[in-house]
Amino acid sequence: MPSYDRTAVTPGIVHFGVGGFHRAHQAMYLDRLMNDGKALDWGIIGVGVLPNDRRMAQVMSAQDCLYTLVVKHPDGQLEPRVVGSIVGYLFAPDDPEAVLARMVDPATRIVSLTITEGGYHVNQVTGELDASDPALAADLRPGATPGSAFGFIVEALRRRREAGVPPFTVMSCDNIPGNGHVARKMIAGFARLKDPATAEFLENEVRFPNCMVDRITPVTADADREALAERFGIEDGWPVVCEPFTQWVLEDDFGGERPPYEDVGVQIVEDVEPYELMKLRLLNASHQALCYLGFLDGYRYAHEVCQDKLYVDFLLGYMDNEGTPTLPPVPGVDLDRYKHQLIERFANPEVRDTLARLCAESSDRIPKWLLPVVREQLAAGREITRSVLVVASWARYAEGVDEQGQPIEVVDRLRDKLVERAQHNREDPLVFISDPDLFGDLASDERFVTPYRAAVKSLHEIGARATVEAL
């Protein structure tokens, strides 16, 4: 349990997107600080803006915003701790003014985000804001009450500017290269459409630090709730489970005060990019490398794939020969050790990270995590064999049927378009990669097209496992 008096904790952070990862990571670091008697003026107020956030609001309300974080060790040991750093939760559709009041309060010095890759509304090819999303379009109507995270941030900044209150820092904690830069560019783009004066204020005065975050946090299962109740006597409507490993590399670029994160293991640095590229191109891209092939081969969990030597060799081959050559030097990191540690983390049988989770929202992930590797390798004349197979395995997965003839539930914001294209893979192997919004001009680059066509054909004719064996 928290060793600190939670009644003495006052809010300093408003966080959009309170899910498993935020509660296993940023909230956990603050809880560590609070247990050391520090950062008691940095309590978190969670905000949900999506319809499915209502359940989180209900659970947090019923539990005084307390929840259990269960660290799952590879040997089966469970290490539970009740976290108390979240001190309030607001479901924005019920009371948007309450959210704005909290964001305008001078005590709120940081607004943080874990809204997933798709929540930044980036056009994957132009890199500019895609304002066609219905939530953004609704917020752009004159006099509209905010409904999106962007809408709330811009309206809160407008009110702070008019009241003479210094701006808060916007801290993106999502898995996006240059997440602070992306947040700044996209929110500023939205602000220019909504309120040019606030856009100017944002671009001149608001800080957006970059950061790299890492902790595997699978979806909470009923079995996790049951184990918590049976083994520890804790009833928790929505506990969080995670692996032992955690990392947070944070750029020291705040507009005002910040918690002393470095006191609990956060790496405060001047340049995050080498660390985030390492993570995105080795960890995140490797998740993509294992999930589609593993699922097609009949596996359903990441640890099953990573206890199979064929796929371990495939992943290490990708990391050594394709991912690593695109990385700059990473200060203080032994990359060879890091890569083997990744395999150990993926192979943790207690985490039970589902391949379905890793296969979800691929259209937001492959273009950011893997295709930059492909493009850099092509530009340097280096190999792309395994990366091409990963893209082909995504195309095969998106057909919606596995190698045993069982249906696959494709989860993606572009699901209908992806599935429709993928179902023509046999007669037109290039149809899936012919979407320039996702793949740019790769479909016209023979250096990519030739091995891709062969990989798609092989996946159909001999299956995932035999295709990997044939590399």
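Q: How much of residues 271–459 is helix, and how much is strand?
A: This is a predicted model, to begin with. The span 271–459 is 62% helix and 0% strand. Its end C-alpha atoms lie 41 Å apart.

Q: Which UniProt annotation covers that span?
A: UniProt gives "domain: Mannitol dehydrogenase C-terminal" for residues 271–459, from an unreviewed entry.

Q: And what does UniProt place at residues 12–260?
A: The record has "domain: Mannitol dehydrogenase N-terminal" there, again in an unreviewed entry. That span is 37% helix and 20% strand. The C-alpha atoms at its ends are 13 Å apart.

Q: On to sheets. What is the strand order in the one with β3?
A: The order is β4-β3-β9. It's an open sheet of three strands with mixed pairing.

Q: Which strands stand at the edges there?
A: β4 (78–83) and β9 (240–242). Each has a single partner strand, so one side of each is left without a neighbour in the sheet. Neighbouring strands are turned by 20° against each other on average, direction ignored.

Q: How many bridges join β3 to β9?
A: Three, and the two strands run parallel. β3 covers residues 67–72. One of the pairings puts V71 with C242 in β9.

Q: Which helix packs on that sheet?
A: Helix α2, residues 26–35. It touches β3 and β4. The direction of α2 makes about 75° with that of β4.

Q: What about the sheet with β10, what's the order?
A: β8-β10-β11, an open sheet of three strands with mixed pairing. The edge strands are β8 (211–214) and β11 (267–269), and each pairs on one side only. The twist averages 15° from one strand to the next.

Q: Do β10 and β11 pair in the parallel or antiparallel sense?
A: Parallel, over three bridges. β10 spans residues 247–251. E251 stands opposite V269 in β11.

Q: Switching to helices. At what angle do α4 and α6 pack?
A: About 55°, with the axes 9 Å apart. α4 is residues 96–104 and α6 is residues 149–163. The two are therefore oblique to each other. Their crossing is right-handed.

Q: Which residues meet there?
A: From α4: P96, E97, V99, L100, M103 and V104. From α6: F152, I153, E155, A156, R159 and R160. The contact divides into eight nonpolar, no polar and four charged residues.

Q: How do α6 and α8 cross?
A: At roughly 85°, with axes that come within 10 Å. α8 is residues 196–205. So α6 and α8 are roughly perpendicular to each other.

Q: Which side chains do I look at for that contact?
A: The contact is made by V154, L157, R158 and R161 of α6 with A197, T198, F201 and L202 of α8. Its residues split into five nonpolar, one polar and two charged.

Q: Last one: where is R231 found?
A: In helix α9, residues 222–232.

Q: What does R231 touch, leaving out residues up to four places away in sequence?
A: G76 and L78. R231 and L78 are 153 residues apart in sequence. In space, they are 9.3 Å apart, C-alpha to C-alpha.

Methods. Residues are numbered from 1 along each chain as its sequence is written. This is a predicted model: local features need pLDDT of at least 70, side-chain atom pairs count only at pLDDT 80 or more; totals for chains, interfaces and linings use all residues. Side-chain values use heavy atoms; hydrogens and water are left out. Axes are lines fitted to C-alpha atoms, for helices over the stretch in contact, and angles run from 0 to 180 degrees between N-to-C directions. Helices (H or I, at least four residues) and strands (E, at least two) are DSSP runs, numbered from the N terminus. Angles under 35 degrees count as roughly parallel, over 145 as roughly antiparallel, 65 to 115 as roughly perpendicular and the rest as oblique. A crossing is left-handed if the near helix is turned anticlockwise from the far one by less than a right angle, and right-handed if clockwise. Contact means heavy atoms within 4.5 Å. Ala, Val, Leu, Ile, Met, Phe, Trp, Tyr, Cys and Pro count as nonpolar, Asp, Glu, Lys and Arg as charged, and the others, Gly among them, as polar. UniProt positions are given in the numbering used here, feature names are shortened, and annotations may be inferred rather than shown by experiment. Two strands pair if DSSP finds at least two bridges between them.
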